[in-house]
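Hi everyone, thanks for making the time this morning. Could we have the sequence and the structure up on the screen, please?

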Amino acid sequence: MSKHETVTAASTTETKEIEEVITDAIQYAKKHGADHVEISARNDKGFSVSARLGDIETLEHHNQRALAVTVYRGKAKGSANCNDIRSSAINDVIDAALGMASFTAEDEASGLADAELMATNYPELDLDQPWGIQPDQALQIAMQCEQTARADERIVNSEGASVSTIRSEAIYANSHDFLGRYTSTRHSISCSVVAADKQGMQRDYWYSVARDADELDAVDIIGLKARERTLRRLNARSLSTCEVPVLFEPNVARSILGHFFSAINGGSLYRDASFLTDSLGQKIFPEWLSISEDPHIKTALASSPFDAEGVRTQARDIVSDGVLQGYILASYSARKLGMTTTGNSGGIHNIRLPESEYSQDDLIKQMGNGVLVTELIGNGVNPVTGDYSRGAAGFWVENGEIQYPVQEITIAGNLKEMFQRIKAIGNDVDTCGGIHLGSMLMDQLTVAGSAE
Amino acid sequence: MESIDVARAQLLSPTGLVDEDLNKALSTILGGAIDTADLYFQSQVREAWSLDDGIIKDASYSRQRGVGVRAIAGEKTGFAYSDDIEMSALLESACAARSIAKASNSIVMPSQHIQTGRELYSQDSPFATLNEHQKMDLLRQADEIARQADPRVKQVMVSLVGMHEVVLIARSDGLLAADVRPLVRFNISVIAEQNGRREQGSMGGGGRFDYQHFTDENSIEGFAKEAVRQALVNLEAKDAPAGKMTVVLGPGWPGVLLHEAVGHGLEGDFNRKETSAFSGRIGERVASTGVTVVDDGTIENRRGSLNLDDEGTPTQCTTLIEDGILRGYMQDRLNAQLSGTVSTGNGRRESYAHLPMPRMTNTYMLAGEHAPEDIIASVDHGFYAVNFGGGQVDITSGKFVFSASEAYMIENGKITYPVKGATLIGDGPDVLTRVSMIGNDLELDSGIGTCGKEGQSVPVGVGQPTLKVDGITVGGTQA
């Protein structure tokens, strides 16, 4: 099929036009009453294909467009967006944004990010790595992945395997005469299967995601992990309520650090809606733990040359020796706090922790008796108080050895205390996401269960 | 004007499309191994206003439109969409969607017939009933009431969101159907502070009506005071207990229990694929005597209601569990057909750019006979949860969670003191068999629910009477 190629070629000419369309639109906005304006546009193209029980299940072609405009009349702000990036539509969107801005209040902190912070030149991050496969090739990959995952008689069913590839062209411009654009790709393979025994069914999954298809895990590894992760959950039981150390696998440990980043996000801080308000310079984590952010790692998933306000991104230390060095700020929240934006409008960039010498097995031994958590469900996290209570599944560990799978348990504590109780981080670093992290061992949490 | 005419005028006329063009597009898909196909045209206008720090800070307007084209061959689905609603884009999407199966000559479509839906809500745009100044006054009013309610209130955030959606569905069996859907939502959240401790409370409401509802019903004052009350209760809350115990759930929004514990597990896709903990259990006892749970998309003006689902099937009230016995699943067309049954009007999708699947509408348990105070009086030691955040479920193992945001201890039949929020975890096929008392106080939630499944969000409703459950694990910190 040559269709994919034609679509890609056509989009190149389309985006050449879009620079002009957007520059014209900024002029239009200024002429019609905007003191400042910012416009972002995006076009995601690609497809995803899924296979189930050895045959194709769905083939979805994606071609999604988005255009968002924010205008400032003095210090009052209005926004509008649509999914049409033709010039006729853009002027309507600007008119709508101008209309909205005539009703909002003057707000000293509002406005574009400061002109001197714009990313006037930025590094090439190699984020555009088209895979170049056709849907039928992707289907073969998905089928192979699922076949590997099903290669055990206890795997009785499947939710299927899917392969997806998306190429996104993003452009951002504002009335500081900044116009930045970059193209990025995102490819993924995932698989989920169901195992059963007389106790009932269990499901688990595995996946790999990368900007460059060469960096994806091997198809058979993904299938194998999906199979093993599912099989090891069979015959799970609950626990009786106890207070024990907990070891979080990388895919769930990431969510714990995610709560930290939400808590030091400017939007929560200026509203006093965080359990970490006024925490700059305070010791949040144990002394051995440091956290850095690097937006410029080539081909990494959370790399970006500039943030959602055109601000240049740069590497920095967020936590040094356990002490908080900086917040996660965009220009608005920074002004509210009397600070400068950290280039995090739109989110955090690649987060890294120091290298560890411990494998997950080492950490299991170090834990002695406790719970290895492989899955967390629900949203029982209170961002204002840090109170934490989520559903979990995993394994009971005794004397440093995995004993049996557990389910229908909860893990509870307070995040502020939990951060201090991190004992060690593993070297099993997972880079599928903005936070690159290994397993995380934490002291004494309350584990509730239904066993007598 | 009929919905169908509104839809033609808004979705087809601007680019000169007529009904016959839809037939033409559909007939290019049909033939060969393709069994069925549909086109889903959608336009959506949305506005959102928010107040923060005592001022109207953000206002946004959004307009989306597009068409999704789906082709089905047995269990296979091909899908493509376009934000251009015009013939060439439609045909291109049709081509892409049909590539799921081997091509052959097009066949002739059956003649078109219009499916009319219910009339559960007004077609009118919800935006115009209040002017911009009145909308902002609503936000300011809530802010003022909350701040005046108690000096400990330190932060107030208020939002008002309105949507107006027009959908047109054309199917290869000749059905043509349309729906015009308003949806509004008001929300307030507050943070109160006392002796350096901060706690939050939030409340909101909405439905398929217009903004006038909030002024007519004087609901803003109720929302603001309720949010403050919750925050103040939480300022006094002690650590929550950990372990299995008797739990009493309040009426209304705590019905999120049903949504997670049984609702998702009874969706047709999981049961057709036999990946649900409820698969193959129709006719079996899955709940105590007296427990009847329905999914009802036909309640007037409710957030989860629809005149027709997103496949053109009129919604209905489906009995899921009747007097404790599992009676039925919620179906869309694809899963119904593959399971040898018919759609229950639960085929829903987030937008034209997403595939439909079986989704809930308004899911609730019918009332029982006990007075709520008698239920509380019957508990020696237990956990009483009246407000919740969200929940989640593992369909296959049946394990589900839902998180309390306002709760109390019950000792010797009396509510004693408030405790912090905690996650409750249980087993879907088991939990309703532990229901030992059902209140006579059925309530539906205030119109705030959004359900996520496979990355797609749709508005839903839940409800239940006060319930006593003998044994759910409460995930607090006090072992």
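For chain A, the mean pLDDT is 94, and 96% of its residues reach 70 or more. The stretch to be careful with is residues 1-13 of chain A, where the pLDDT is below 50. Beyond near neighbours in sequence, that stretch has six contacts in the model. Where pLDDT is low, the predicted coordinates should not be read in detail.

Let's go to the domains of chain A. The domain assignment gives domain 1 as 3-229 and domain 2 as 236-452. Their C-alpha centres lie 25 Å apart. How many residues does each domain put into the contact between them? Domain 1 of chain A gives 25 residues, and domain 2 of chain A gives 19 residues. On the domain 1 side, β4 (155-174), β5 (178-197) and β6 (200-210) of chain A each supply at least two residues. By class, that side of domain 1 of chain A has 14 nonpolar residues, seven polar and four charged.

Still in chain A, there is a sheet I'd like you to find. It is an open sheet of five strands with mixed pairing, in the order β10-β9-β8-β11-β16. At the edges sit β10 and β16 (435-436) of chain A, each of which pairs on one side only.

Strand β10 (residues 323-324) of chain A pairs with β9(A) in the antiparallel sense, over two bridges. Within that pairing, A:V319 is opposite A:L324. β9(A) and β10(A) form a hairpin with two residues between them, and A:D321 in the turn has a positive phi of about 50°. Next in the walk, strand β8 (residues 291-294) and strand β9 (residues 316-320) of chain A are antiparallel, paired over three bridges. There you'll see A:S292 opposite A:D317. A:R352 has A:H436 as its bridge partner in β16(A).

Now for the place where the two chains meet. Chain A contributes 57 residues to the contact and chain B contributes 62 residues. Which element gives the most to the side of chain A that touches chain B? That is strand β2 (residues 55-73) of chain A, with nine residues. The classes on this side of chain A are 17 nonpolar, 26 polar and 14 charged residues.

The chains also share strand pairing. Strand β3 (residues 76-82) of chain A runs parallel to strand β2 (residues 55-73) of chain B, and four bridges join them. If you want one pair to click on, A:A80 has B:Y61 as its bridge partner.

Over in chain B, let's start with helix α3 (residues 87-98). At 1.5 Å a residue, its twelve residues should span 16 Å, and its end C-alpha atoms are 16 Å apart, so the two agree. The buried residues of α3(B) include B:A89, B:L90, B:S93, B:A94 and B:A97. An α-helix has 3.6 residues a turn, so residues three or four places apart point the same way. What covers the buried residues of α3(B)? The cover includes β2 of chain A, along with α2 (19-29), β2 and β3 (76-82) of chain B.

Helix α1 (residues 3-12) of chain B has buried residues too, among them B:A7, B:L11 and B:L12. Their cover includes β1 (36-52), β5 (153-171) and β6 (175-194) of chain B.

My last stop is strand β23 (residues 467-475) of chain B. Is this strand mostly covered or mostly open? It is mostly covered, with seven of its nine residues buried. Strand β8 (residues 242-249) of chain B is antiparallel to β23(B), joined by eight bridges, and B:M245 faces B:I472 across that pairing. Strand β18 (residues 423-427) of chain B is also antiparallel to β23(B), with three bridges; here B:I425 has B:T473 as its bridge partner. Strand β19 (residues 435-438) of chain B pairs with β23(B) in the antiparallel sense too, over three bridges, and B:I438 is opposite B:L467.

Notes
Residues are numbered from 1 along each chain as its sequence is written. Chains are lettered from A and ligands numbered from 1 in the order in which they are written. This is a predicted model: local features need pLDDT of at least 70, side-chain atom pairs count only at pLDDT 80 or more; totals for chains, interfaces and linings use all residues. Two residues are in contact if their C-beta atoms, placed from the backbone, lie within 7 Å. Ala, Val, Leu, Ile, Met, Phe, Trp, Tyr, Cys and Pro count as nonpolar, Asp, Glu, Lys and Arg as charged, and the others, Gly among them, as polar. Two strands pair if DSSP finds at least two bridges between them. A residue is buried if 20 or more other C-beta atoms lie within 10 Å of its own, exposed if 12 or fewer, and partly exposed in between; C-beta atoms are placed from the backbone. The expected span of a helix is 1.5 Å times one less than its number of residues. pLDDT is the predictor's confidence in each residue, from 0 to 100. Domain bounds come from an automatic or database domain assignment.
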